Amino acid sequence: MTERKPPGVSFESWVDRQIREATERGAFDDLPGAGKPLAGERAPYDEQWWLREKMVRESLSYLPPSLALRKEADDARAAAASARTEREVRRIVAEINEKIAEAIRTPPAGPPHNLVPFDAEEIVREWREALRRRL
């Protein structure tokens, strides 16, 4: 529909004509969701509905930076626990500790993160104990 509304034609009649012509051409045939009720039709109005749907559709999430750091710290601890080598455990702990130290120096937006750098030796000791239990 690249055609522009001609001058002198009312907007409503121009739109109606465009829809009628598209229907005649079959442009609306076999659209996904045809004949199905609109999703969220009975839900209360939400100005951000399109954003929420896009985030669900694309498996996106958003956390304030301080909460994202907390999640990253939890993920790092889990990754260290399942690491294959001690060197990998130390690398993971060093990377997250660097981010935590930066967040302590310059607090990110959001609620307080309440994080302190991990004790690398304690994490390595836990990793070794878990490794012994698996073997």
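1. Buried means under 20% relative accessible area and exposed over 50%, with partly exposed in between (1.4 Å probe, protein chains only). By this scale, Arg-91 is partly exposed at 40% relative accessibility, and Glu-95 is partly exposed at 42%.

2. The model under review is predicted, so that local features need pLDDT of at least 70 and side-chain atom pairs count only at pLDDT 80 or more, whereas totals for chains, interfaces and linings use all residues. Residues are numbered from 1 along each chain as its sequence is written, and side-chain values use heavy atoms, with hydrogens and water left out.

3. The structure contains 12 salt bridges, a salt bridge being a side-chain nitrogen of Lys or Arg within 4 Å of a carboxyl oxygen of Asp or Glu. One of them joins the side chains of Lys-99 and Glu-72, at 2.3 Å from N to O. This pair links distant parts of the chain, 27 residues apart: Lys-99 belongs to helix H4 (residues 86-105) and Glu-72 to helix H3 (residues 65-81). Helices (H or I, at least four residues) are DSSP runs, numbered from the N terminus. Lys-99 is partly exposed, with a relative accessible area of 41%, and Glu-72 is partly exposed at 32%.

4. Within helix H4, Glu-86 and Arg-90 lie 4 residues apart, and are therefore separated by about one helical turn. They form a salt bridge whose closest N and O atoms are 3.1 Å apart. Glu-86 is partly exposed at 24% relative accessibility, as is Arg-90 at 30%.

5. Helix H4 also holds Glu-95 and Arg-91, 4 residues apart, or about one turn of the helix. Elsewhere, salt bridges that share partners join Glu-86, Arg-90, Glu-121 and Arg-128 into one network. The side chains of Glu-95 and Arg-91 meet in a salt bridge of 3.1 Å, N to O.

6. The largest pocket has a volume of about 150 Å³. A pocket is an open set of points, on a 1 Å grid over the protein atoms alone, where a 1.4 Å probe fits, with protein on both sides within 12 Å along at least five of seven lines; lining residues have an atom within 4 Å of a point. The volume is the space filled by probe spheres set on the points.

7. The lining of this pocket consists of Ala-39, Gly-40, Ala-43, Pro-44, Tyr-45, Asp-46, Trp-49 and Glu-53. These residues divide into 5 nonpolar, 1 polar and 2 charged; Ala, Pro, Tyr and Trp are among those counted as nonpolar, Asp and Glu among the charged, and Gly as polar.

How values were computed
Helices (H or I, at least four residues) and strands (E, at least two) are DSSP runs, numbered from the N terminus.
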